[in-house]
Amino acid sequence: MRLAVVVAAVLALGTIPASAQDAARGEQVFKKCVACHAVGENAKTKVGPVLNDVFGRTAGTLADYKYSKAMIGVGEGGLVWTHETLFEYLHKPNEMVKGTKMAFAGIKSDEEINDLLAYLQTFSPDYVPAAGGEEEGEDSDEGEEGGGK
Ligand code: HEC
C-alpha cells in the first residue's frame, strides 16, 4: 500500500512533538539565524523579518517588512510556512525560493532543522498544525491574536 506509506510519512513529519529538549537544542541552532532574525517579546526587524508567529504565516506577508519579489511571489503562489515547508526551505533557501534575498546557504542536518523548528514553534503559540486535513478536537479556541495595540 503505497498510499499508506506516504500517509505515515506525512503524519510522522507533521506530528513531531516539540519537546522542551529539542527546543533547547534548537535555540543553539538559531544562533545561525540571529544575525538576521529576531524572536521573542522585543523582537525587531533586522536584515530579515521577525520570526514570531512564522508558523502558519503565508510567505512574504509580514506587514512592516520589505520582502524580495521572489518571496512575495511564492506567498502569492500559496506557500504557507509549516513544519514541512520550513524544513524544506531551511535545507536550501535559494532552491525553494529562487531569488530570495535571504543570504543563507542552508542547514544540512535534518536533526538540527527539527530542533530549530521545535524552538521556533514556541514563538508561534497560536499555531495549530493541520493534522493531515483532519480536525481532531479543537481544544484551543482563544479568539485573540497578537494583543498589544
Ligand atoms: C544573512 C541574513 C539571514 C540569515 C543568516 C537567515 N535569514 Fe532568514 N531571511 C533573511 C532575509 C533577508 C529574508 C527575507 C527574504 C526575502 O524577502 O526574499 C529572510 C526570510 C526568512 C523566512 C521567511 C519569512 C517570511 O515572513 O515569509 C524564514 C522562515 C526565515 N528567513 C528563516 C530563517 C532561519 C530559521 C534562519 C536560520 C537557520 C535564517 N532565516 C537565517 C535573512 C537571513
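Helix 1, residues 2-14, has the lowest mean pLDDT among the elements of the chain, at 60, while helix 3, residues 69-76, has the highest, at 98. Welcome to this predicted model, which has six helices and zero strands.

**How confident is the prediction?**

- Across the chain the mean pLDDT is 86, and 76% of the residues reach 70 or more.
- The pLDDT falls below 50 over residues 134-138, a stretch with one contact in the model beyond near neighbours in sequence.
- Residues 145-149 also stay under 50 in pLDDT, and the model has one contact for them beyond four places in sequence.
- Where pLDDT is low, the predicted coordinates should not be read in detail.

**The chain as a whole**

- Starting from the N terminus, the elements follow the order α-α-α-α-α-α.
- Of the 149 residues in the chain, 19% are buried.
- Among contacts with a separation of 6 or more, 58% are between residues 24 or more positions apart.

**Around the ligand**

- Which residues come nearest to the ligand? They are Cys 33, Cys 36, Gly 48, Ser 68 and Met 102, out of the 27 residues around the ligand.
- Helix 3 and helix 4 (83-91) are the elements that give two or more residues to this shell.
- Sorted by class, the shell holds 19 nonpolar, five polar and three charged residues.

**Where helix 2 meets helix 6**

- The axes of helix 2 and helix 6 are 7 Å apart, and the two helices pack at an angle of about 100°.
- Since angles from 65 to 115 degrees count as roughly perpendicular, helix 2 and helix 6 are therefore roughly perpendicular to each other.
- Helix 2 brings Asp 22, Ala 23, Arg 25, Gly 26, Glu 27 and Val 29 to the contact.
- From helix 6, the contact takes in Glu 112, Asn 114, Asp 115, Leu 116, Leu 117, Ala 118, Tyr 119 and Leu 120.
- By class, the residues of this contact are seven nonpolar, two polar and five charged.

**Ala 23, a residue of that contact**

- Ala 23 sits in helix 2.
- In space, the C-alpha atoms of Ala 23 and Ala 118 are 4.8 Å apart, although 95 residues separate the two in sequence.
- Is Ala 23 buried, exposed or partly exposed? Ala 23 is partly exposed, because 18 other C-beta atoms lie within 10 Å, and a buried residue would need 20 or more.

- Thr 122 belongs to the segment after helix 6, which spans residues 110-121.
- With 15 other C-beta atoms within 10 Å, Thr 122 is partly exposed.
- Where does the chain bring Thr 122 and Asn 52 in relation to each other? Their C-alpha atoms are separated by 8.8 Å, and the two residues are 70 residues apart along the chain.

**Asp 53, a residue with positive phi**

- Asp 53 is located in the loop between helix 2 (20-29) and helix 3.
- The phi angle of Asp 53 is near 55°, a positive value in a residue other than glycine.
- Asp 53 is partly exposed, because 17 other C-beta atoms lie within 10 Å, which is between the 12 or fewer of an exposed residue and the 20 or more of a buried one.

Technical notes:
Residues numbered from 1 in each chain as written. Predicted model: local features only at pLDDT ≥ 70, side-chain atom pairs only at ≥ 80, totals over all residues. Helix = DSSP H or I, 4+ residues; strand = E, 2+ residues; numbered from the N terminus. pLDDT = per-residue confidence, 0-100. Contact = placed C-beta atoms within 7 Å. Near = placed C-beta within 6 Å. Nonpolar A, V, L, I, M, F, W, Y, C, P; charged D, E, K, R; others polar. Axes fitted to C-alpha atoms, helices over the stretch in contact; angles between N-to-C directions. Parallel < 35°, antiparallel > 145°, perpendicular 65-115°, else oblique.
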